[in-house]
Amino acid sequence: MILKNQISIYIIIMLEAMACQEKKNKQENNVEENTASQEGTFGYDLSFLKKYKQVIVLKSPDDEKSQAIVVADYQGRVMTSTAAGDSGNSYGWLNYELIKSGENKPHFNALGGEDRFWFSPEGGQFSVYFKKGKSFVYENWQTPAVIDSEPFDVVSSDAASVRFKKKTVLENNIGTKFDLLIERQVKMISKAEIKNLLSVPDFENIKTIGYTSENAVTNLGEDWKKQTGALGIWILGMFKPSPKTTIVAPFSKANSEKPLLTSNYFGNIPEDRLVIKDSAVFLKADGKFRSKIGLSPKSARNTAGSYDAEKGILTIILYDLEPKGEYLKSTWELHKDPFGGDALNAYNDGPLEDGTQMGPFYELESNSNVLLLKKNEKLIHRHSTFHFEGQKAHLNKISKAVLGVDLDSVEETFSLK
């Protein structure tokens, strides 16, 4: 009798335990489903991208919630990242409709992504975006397929990094051909490395993520000559705009008291959208007015960033810079000085003349210097992206240490408080 009672009690306990576990599993599944259904979260973007492409998810060596999504079919670009796992903010801008359609658009596929590989220059006689002899008008502009619609080949990968390669042949506007090998590695950065790279204090109460793309181009053909053209590496990151987001481009006064700034890429920028202060240029990043700026290598610093006062997100880029180097000019015209271009660019999207719009998004971009590569010589450019999320007082320490600006000053620039 006692044995039967013990068996009955055991069965009851087991059934209750199974019921509890089932309830727990349902709750966890509901959390995952809810995360995947909340647009703006990393989980949502991960679930979305998995429907259409094979993705590579990288994780920080010391914080598995710090993650990035990389897609080989999209030229090994970092599509988005987060500092807080599936339920955290997804920092990259994605063009959901274009990705879903699977179409290839004329001119350029604005798929999105925080770190994508491009070539400079975009315009001018050395451009590979305009066929030989074609004038520099929108109808003739075409992004080369190798950096727009063709996949990169995966060479190797592990939990925190992935390597790609791609061979291609391109021709510039004056008929010079380039036989190239592109190599690219995306690697997550630990918090200890971030502190060292940026010389910042501890990340107390701050969600943090960082990754680096190391990009290389090897010349497999004829030696490059100044008269016939060269190519540079150009890394662009697309991010989500907001009414309270501001781009911050610090400048150096070592070579020029005033910043050597280009701000008329798409016409003049109104004063309420572009402000130059003592040590930085500020550009509104609300996705409502098409505008672009560029800083010469003599004025640029090797860092820039943005601050979203609405969500409490500070984004910073760090890149290779040669202040005395030559950089290719990308404006859509024949250039008298094609090697007098920008090291840093920033872009705010907005409606085109016909009312259509690619985004909205904003971009932080870095360019490599130019080397006249002989056969089998290599050009390398590194570009790192960091996101810090938390209260303004904590983020302010990082902003002052890296960008040299106070976040109160950033907000006051365009009266964002």
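Predicted model: local features only at pLDDT ≥ 70, side-chain atom pairs only at ≥ 80, totals over all residues.

Modeller: The secondary structure of the protein chain comes to six helices and 19 strands. With a radius of gyration of 24 Å, close to the 22 Å that the globule rule gives for 417 residues, the chain is as compact as a globular protein of that length. Its C-alpha trace spans about 100 × 45 × 45 Å along the principal axes, and among contacts with a separation of 6 or more, 70% are accounted for by residues 24 or more positions apart.

Turning to charge, the protein chain carries 52 positive and 55 negative side chains, with the centres of the two sets lying 2 Å apart. Side chains of opposite charge can pair when their charged atoms come close, and a search of the whole structure finds 16 salt bridges.

One of these salt bridges joins the side chains of Asp115 and Arg184, at 2.8 Å from N to O. This pair links distant parts of the chain, since Asp115 sits in the loop between helix H3 (96-101) and strand E4 (116-120), while Arg184 belongs to strand E7 (residues 177-188), 69 residues apart. Both Asp115 and Arg184 are buried.

Another salt bridge is formed by the side chains of Lys392 and Glu411, with an N to O distance of 2.7 Å. Because Lys392 lies in helix H5 (residues 392-402) and Glu411 in helix H6 (residues 407-413), the pair ties together parts that are 19 residues apart in sequence. The two partners fall into separate accessibility classes: Lys392, at 29% relative accessibility, counts as partly exposed, whereas Glu411, at 7%, counts as buried.

Glu257 and Lys253 also form a salt bridge, and here the closest N and O atoms are 3.5 Å apart. Glu257 is exposed, because its relative accessible area of 56% is over the 50% cut-off, while Lys253, with a relative accessible area of 32%, is partly exposed.

Finally, there is a case that goes beyond a simple pair, in which Glu214, Asp320 and Arg382 are linked in a network of salt bridges.

Note on methods:
Residues numbered from 1 in each chain as written. Heavy atoms only, no water. Salt bridge = Lys/Arg side-chain N within 4 Å of Asp/Glu carboxyl O. Helix = DSSP H or I, 4+ residues; strand = E, 2+ residues; numbered from the N terminus. Buried < 20%, exposed > 50% of the residue type's maximum accessible area, 1.4 Å probe, protein only. Rg over C-alpha atoms; globule rule 2.2 N^0.38 Å. Contact = heavy atoms within 4.5 Å. Lys, Arg positive; Asp, Glu negative; His and termini not counted. Charge placed at Lys NZ, Arg CZ, Asp CG, Glu CD.
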